[in-house]
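Biologist: I would like to learn how to read a model like this one, feature by feature. Could you walk me through it?

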Amino acid sequence: MIDKKEFLTKYNIEESELEASALSWDELTAICEDYIQREEKLRNIGKDFVNDYLYDIEKAGIHSYRYRIKAPGHLLEKIIRKRCEHFERFEKIDRSNYYKYLTDLIGIRVFFLYREDWIYFHKYITSVFENNPDLYVEDRIHDFDENEAHYYIAERPKVYRRTGDSRIYDEDIIDIRSDGIYRSLHYIIKYKGYYVEIQGRTLFEEGWSEIDHDIVYPYFKDDEMLTDFSTLLNRLSGMADEMSSYFRRMRSIKEDTEKAAEKAAENAAGRGEDA
C-alpha cells in the first residue's frame, strides 16, 4: 500500500490538487497495484522492441538508444496532473483502462549526433510500422485496438522544434509544433498490446533535457532562478548542436575540395601523357 502523505510530499502535490483530480485515493492505489503487476511484462515488451527494431543502430539511423518503463509513483503523479489539466479527456480513467490512456508507460529514447539526422530514423520507423492516418487514436477507449498482434503508428509523428529549426523538417511528413527552446521527435507505436513512446533527440539536447527534468520539471517550474539557469543551459546545448552541424558541413566541403583537386590533377596528368 502506497502511503498517501509520503507520495504527495515526494511529488510536490498539494492536497487540493488531488481533490481537483476527483480521483479517490483508493482508486489511485488500485491503479498502482495493477501497474506493479504489469511492470515485468512491460519491461519485457520494451526489451523486445529494442531487440527487434533498434539493436542495429546503423540500420535504424541512430547513434544510440535507451529505454525504461514508467515508475509507479510517476504514473500516479501523471494521472493526477492530467485529470487536473484535461478533466473531460481523462474523466473515465480508472484501474481497468489507464494503460489505454497513457502512451508512455514504455518509453524509448533514440539519439542522433546531428539534428538533421532525424530524417533517417523517421524513414526507418515509418517503413517498419504501418503509418495509416485512419489508425491514429483520437478516443482513448473507443479507438484502442485489442489485437496485440497489430503493430502500427498510433498518432501522427510530431516534432517540437526550436526557433529556427523549421528548415530541417517537412510538414508534409511530420506534424511540426513550435516550442522555442525544446526539440524532440515523438512517435507512438502500438506494440504487443501497449503503446510505446519513442522520443528522438540529439545527444546535446538530451543532456539539457535530463538536467532540466531532474531539477526543474515538473516540481519547480515556477522557480525563476532554476528556470533561468535551465534556459541558459538550453541555449548552450542549442549552440553545440549548431556547431556540430557546422563542423560536418565544413568536413564535407573539405572532402569535396580535396576530391576536386585530385580529379583535376588526374586530368592534368592525363593531358600530359596524351601530349
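Modeller: Let's start with Lys192, which lies in the loop between S6 and S7. Keep in mind that this is a predicted model.

Biologist: Which residue does Lys192 form a salt bridge with?

Modeller: The partner is Asp48, with 2.9 Å between the closest N and O atoms. This pair ties together distant parts of the chain, since Lys192 is in the loop between strand S6 (184–191) and S7 while Asp48 belongs to helix H3, 144 residues apart.

Biologist: How many salt bridges does a search of the whole structure find?

Modeller: The search finds 13. One of them joins the side chains of Glu116 and Arg115, at 3.5 Å from N to O. Glu116 is partly exposed because its relative accessibility is 21%, whereas Arg115 is buried because its relative accessible area is 7%. In another, the side chains of Glu155 and Lys158 meet at 3.6 Å, N to O. Here Glu155 is buried at 16%, and Lys158 is buried at 12%. There is also a network of salt bridges that links Lys70, Lys78 and Asp104.

Biologist: Let's move on to strands. Which way do the residues of S2 point?

Modeller: In a regular strand the side chains alternate between the two faces of the sheet. In S2, Ile106, Ile108, Val110 and Phe112 point one way, and Gly107, Arg109 and Phe111 point the other way. Both sets are buried, and the count for strand S2 (residues 106–112) is seven buried residues out of seven.

Biologist: Which strands pair with S2, and in what sense?

Modeller: Strand S1 (residues 64–69) pairs with S2 in the antiparallel sense over six bridges. Strand S7 (residues 194–202) runs parallel to S2, and seven bridges join them. Gly107 is a handy place to look: Arg68 stands opposite Gly107, and Glu197 in S7 also stands opposite Gly107.

Biologist: Now the helices. What span does H5 have from its first C-alpha to its last?

Modeller: Helix H5 (residues 72–85) has 14 residues and reaches 20 Å, close to the 20 Å expected at 1.5 Å a residue.

Biologist: Which residues of H5 are buried, and what do they pack against?

Modeller: An α-helix has 3.6 residues a turn, so residues three or four places apart point the same way. The buried residues of H5 are Pro72, Gly73, Leu75, Leu76, Glu77, Lys78, Ile79, Ile80 and Arg83. They pack against helix H1 (4–10), helix H2 (15–21), H3 and helix H6 (98–101). Lys78 has already come up, as part of the network with Lys70 and Asp104.

Biologist: Which members of the largest nonpolar core touch the most other members?

Modeller: Phe49, Leu54, Phe121, Ile189 and Ile198 do, in a core of 60 residues. Helix H3 (residues 25–54) gives the largest share of this core, eleven residues. Take Leu54 as the example: not counting residues up to four places away in sequence, Leu54 touches Phe49, Ala60, Ile62, Tyr65, Ile108, Val110 and Phe121.

Definitions and conventions. Residues numbered from 1 in each chain as written. Predicted model: local features only at pLDDT ≥ 70, side-chain atom pairs only at ≥ 80, totals over all residues. Heavy atoms only, no water. Core = buried A, V, L, I, M, F, W, Y, C linked by side-chain atoms within 4.5 Å. Buried < 20%, exposed > 50% of the residue type's maximum accessible area, 1.4 Å probe, protein only. Helix = DSSP H or I, 4+ residues; strand = E, 2+ residues; numbered from the N terminus. Contact = heavy atoms within 4.5 Å. Pairing = 2+ DSSP bridges. Salt bridge = Lys/Arg side-chain N within 4 Å of Asp/Glu carboxyl O. Expected span 1.5 Å × (residues − 1).
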